[in-house]
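Hello,

Here is the structure I promised to pass on. Please open it first, then read my notes below.

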Amino acid sequence: MKTRIAIGVSLIVAALAMANLFAGQAQKTASQPAQGGSQLQMQPPKLDAVAHLNPLKIALLHWYLADTSTSVAVGSQPYGVCFDGANIWTANFGDNTVTKVQASTGQVLGTFKVGAQPYGVTFDGGNIWVSNQADGTVTKLRASDGTVLGTFPVGRFPGWLAFDGQNIWAPNGPDNTVSKLRAIDGKNVGTFAVGTSPIAAAFDGSAVWVTNYLASSVTKLRASDGTVLGTFAVGYGALGIAFDGASMWVANRNSNTVTKLRAGDGTVLGTFPAPPSDGPYGVAFDGAYIWVSGDSYLFVLRASDGAQVASHSLQSEGVAFDGAYVWTALQSGNRLYRF
Amino acid sequence: MKTRIAIGVSLIVVVLAMANLFAGQAQKPINQPAHAGPQLQMQPPILDAGARLNPLKIALLHWYLADTETLVGVGNEPLGLCFDGANVWTANYNDNTVTKVQANDRQVLGTFKVGTQPYGVTFDGANVWVSNELDNTVTKLSASDGKTLGTFRTGTFPAWMAFDGQSLWVPNARDNTVSKLRTTDGKILGTFAVGNAPAAIAFDGANVWVTDDASVTKLRASDGKVLGTFAVGNGALGIAFDGANIWVANRNSNTVTELRASDGVVLGTFSVPANGPYGIVFDGTYIWISGDSNLVILRASDGAQVASRQLTSAGVAFDGAYVWTAESINNRLHKF
C-alpha cells in the first residue's frame with residue numbers, strides 16, 4: 001500500500017490511485033480472519049478438472065479446489081511470494097526481511113534481513129532475488145541458507161521481478177524503465193524504456209513482459225537484447241502478470257478485470273471481470289487455473305476459457321504455485337495462506 | 001574420460017577413441033570460466049514446449065530452455081549422475097567419493113567415501129549404488145544419510161548401471177557381460193553375455209538395454225534372456241528411455257540413434273555437434289546429450305535440435321524441473 005501511495009502521488013492519476021487505495025483500506029477490516037459473516041463463508045470444494053495430469057496433486061490426493069485455510073505467520077506486510085522447488089519465500093515489506101517457509105509442512109525455516117521495503121521475490125535456480133523498493137536495489141540471497149551474496153543497484157522503486165534463465169529483470173516504477181541484471185554477478189547489462197510506472201514482470205520462455213501500472217498497458221521485450229517487440233493495451237492499473245505456457249494474464253487493479261493476451265503476438269484473447277469491488281493484484285498459474293489475488297477476493301479462472309470457477313473472500317497480494325498448492329500473501333494480516 | 005581410455009585400449013577402436021579424447025583435451029582451456037569470447041556466448045532462451053505439461057516447471061516458472069550459470073562444486077572428476085527424488089548424486093572418479101547435492105538449491109549435503117574410480121550412480125528408491133571401476137565392485141549407500149550398507153563384487157570394470165524395480169543391472173565393460181544383482185542383499189542373480197565393452201544400461205519398464213561398442217542388446221529383465229541385438233553407431237555409450245523409444249549416444253560416430261523400444265527398429269539417426277556424445281537423458285520433452293564439446297538438446301518427438309551450448313561434460317540427469325550435467329574437468333555440476 002505504501003508503495004502505491006508513493007508512486008501514485010508522483011503522478012497525474014494520483015486521485016484515481018488514491019481512491020482505489022482507500023477502497024482497499026476500507027475492505028481490509030472485512031478481511032480479518034477473525035471476522036465471520038457471509039463474505040467469509042467458504043465455497044464447497046470443487047473437483048480440480050486437471051489434477052489427474054499432475055503427479056504431485058495425485059500423490060497428495062489434492063483433487064479439489066477448496067479453501068483449505070492453512071496459514072503461516074511470516075514477517076510484517078508480506079507482498080511478493082515465490083517458490084524455489086521446496087520452499088516458499090515472501091518479502092516482508094514492513095520489516096525489511098524475507099521469510100523462507102517449507103512448502104510441504106508450512107514450517108518457517110528462516111527469516112533474513114534484506115534492504116528497505118522489500119516487495120518482490122524471484123528464484124533463479126539457486127538464489128532468491130529481492131527488490132528493495134525504498135533503496136532502489138535488489139538483494140541476492142543463497143536459497144539454501146539465506147546468506148546475502150550481494151546487493152545491486154537498479155532503478156527507483158523496483159517492483160516484482162522476473163528471471164529469464166540468465167538474467168533478473170526489475171521494473172523501475174518512477175523511472176519508466178526495466179533493468180536487466182546478470183544473475184551470476186548482478187552486473188547491469190541493460191536498462192530499457194517501457195511504459196509509465198512499470199510494476200511487475202513475467203517471462204514467457206523468450207520475451208519479458210512488463211505491466212505498466214499507469215499506462216494501462218504491457219510492454220513485451222526480447223529477453224536476449226531488450227528490444228521492445230510491442231506494447232499492448234490492457235485494463236487500468238495493470239499489476240500482476242503470469243504466463244500459462246501460451247498466454248499472458250494481467251490483473252487490472254483499477255478496471256477490476258483480468259486480461260488474457262496471446263504471448264506470440266499480444267492479441268487480446270479475452271477480458272474477464274473480477275468479482276465486484278475487488279481490485280485484482282497478483283496472478284499465478286497452477287497448470288490449469290489462473291489464481292488472482294485482490295483487495296476482496298482470491299478468485300480462480302479456468303485458463304482455457306477464463307470462466308470463474310471459484311472465489312474466496314480474502315484480501316491478499318502476491319501469489320505463487322508450489323507444484324500442488326497455491327500460496328498467497330496477506331500483507332494486512334502478516335500471513336501466508338495456502339490453498 | 002579415463003574410463004573411455006581404459007576401455008578403448010582394450011579394444012580395436014583404440015585409435016579412434018584416442019583421437020576423440022585428445023580433441024576433448026584440446027578443448028579444455030576454452031571451457032575455463034575466466035575465458036570470454038564468442039564461443040562461450042550463451043544462446044538466447046527459448047520456450048520449453050513441454051513445460052506446460054510439467055507442474056514443477058510451472059511452479060518454478062521454468063518455461064525456458066536457457067543456459068543458466070548455476071553451478072556447484074563437487075569432488076574430483078565427477079562422471080556419473082543420478083537423482084533420488086530430492087538430491088542429485090555424482091560419482092567423483094578421481095577421489096573415490098560420491099557427492100550428494102540438494103537439487104532445488106544446490107546445497108552440498110555430504111561427500112561419502114566409496115571404492116576406487118567410482119563411475120556410475122543409480123538410485124533404487126531408497127539407496128544409491130555406485131560402480132567402482134578399479135575394484136570390480138558396487139557400493140550401496142543409504143540415500144538418506146550416505147551410510148555404506150555394503151560393497152558387492154561385480155565383473156571387471158563396472159560402468160553405468162540401471163535399476164529395474166527389483167534388481168540392479170551392471171555392465172562389466174571388460175567381461176562383455178552384464179550382472180544382475182538383487183538390491184536387498186547385493187546377491188548376483190545372473191550374469192549374461194552381451195556385446196563388446198558394454199558401457200551403460202537403461203530400463204524400459206520390462207527390458208534392459210545395454211550399449212556396447214557398436215550395438216545395443218535388449219534383455220528381458222525377468223530372466224536375462226536376450227531379445228535382440230541392434231546395430232547403432234560406433235562407441236555407443238549413454239542410453240535413455242523416453243517412455244516409448246530408446247536413445248543412444250554414439251561417442252565415436254557423433255550421432256544419436258533412436259530405436260523403438262518394442263521391437264528395436266531404428267526410428268532415426270541424428271547428427272549432433274557434440275564431439276564425442278557421452279551421456280543422455282530425457283526431461284519429458286527433450287533429449288539432452290552431453291559430450292566433449294557441446295551439450296545438445298533434441299526434441300524427442302522428431303529429433304530436431306532445438307539448442308546447444310559449448311560445454312565438456314559427461315553424466316546427465318533430470319530432477320523433474322532442471323537438467324544437471326557433470327563438467328568433469330572442472331569438478332563441478334551445471335544445472336540447466
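B:Phe112 sits in strand S7 of chain B. This is a predicted model. B:Phe112 is buried, because 22 other C-beta atoms lie within 10 Å and 20 or more are enough for that class. Leaving aside residues up to four places away in sequence, B:Phe112 touches B:Thr97, B:Val98, B:Leu141 and B:Gly146. B:Tyr64 is another matter. B:Phe112 and B:Tyr64 are 48 residues apart in sequence, and their C-alpha atoms are 34 Å apart in space.

Stay in chain B for a moment. B:Arg106 lies in the loop between strand S6 (97-102) and strand S7 (108-113) of that chain. Most residues other than glycine have a negative phi. B:Arg106 is also buried, with 22 other C-beta atoms within 10 Å.

Chain A has a case to set beside it. A:Ser216 is not a glycine, yet has a positive phi of about 55°. Look for A:Ser216 in the loop between strand S17 (207-212) and strand S18 (217-222) of chain A. Is A:Ser216 buried or exposed? A:Ser216 counts as buried, because it has 21 C-beta neighbours inside 10 Å.

Next, a sheet in chain A. Four strands form an open sheet there, in the order S4-S5-S6-S7, with antiparallel pairing. Strand S4 (78-83) and strand S7 (108-113) of chain A stand at the edges. Each has a single partner strand, so one side of each is left without a neighbour in the sheet. From one strand to the next, the twist averages 20°. Which strand pairs with S7(A)? Strand S6 (residues 97-102) of chain A does, in the antiparallel sense and over five bridges. Within that pairing, A:Thr97 has A:Lys113 in S7(A) as its bridge partner.

Last, the contact between the chains. How many residues does each chain give? Chain B gives 30 residues and chain A gives 29 residues. On the side of chain B that touches chain A, the elements giving two or more residues are strand S1 (46-47) and helix H3 (55-59) of chain B. H3(B) has the largest share of that side, four residues. By class, the side of chain B that touches chain A has 18 nonpolar, five polar and seven charged residues.

Best wishes

Methods. Residues numbered from 1 in each chain as written. Chains lettered and ligands numbered in written order. Predicted model: local features only at pLDDT ≥ 70, side-chain atom pairs only at ≥ 80, totals over all residues. Pairing = 2+ DSSP bridges. Axes fitted to C-alpha atoms, helices over the stretch in contact; angles between N-to-C directions. Contact = placed C-beta atoms within 7 Å. Nonpolar A, V, L, I, M, F, W, Y, C, P; charged D, E, K, R; others polar. Buried ≥ 20, exposed ≤ 12 C-beta atoms within 10 Å, placed from the backbone.
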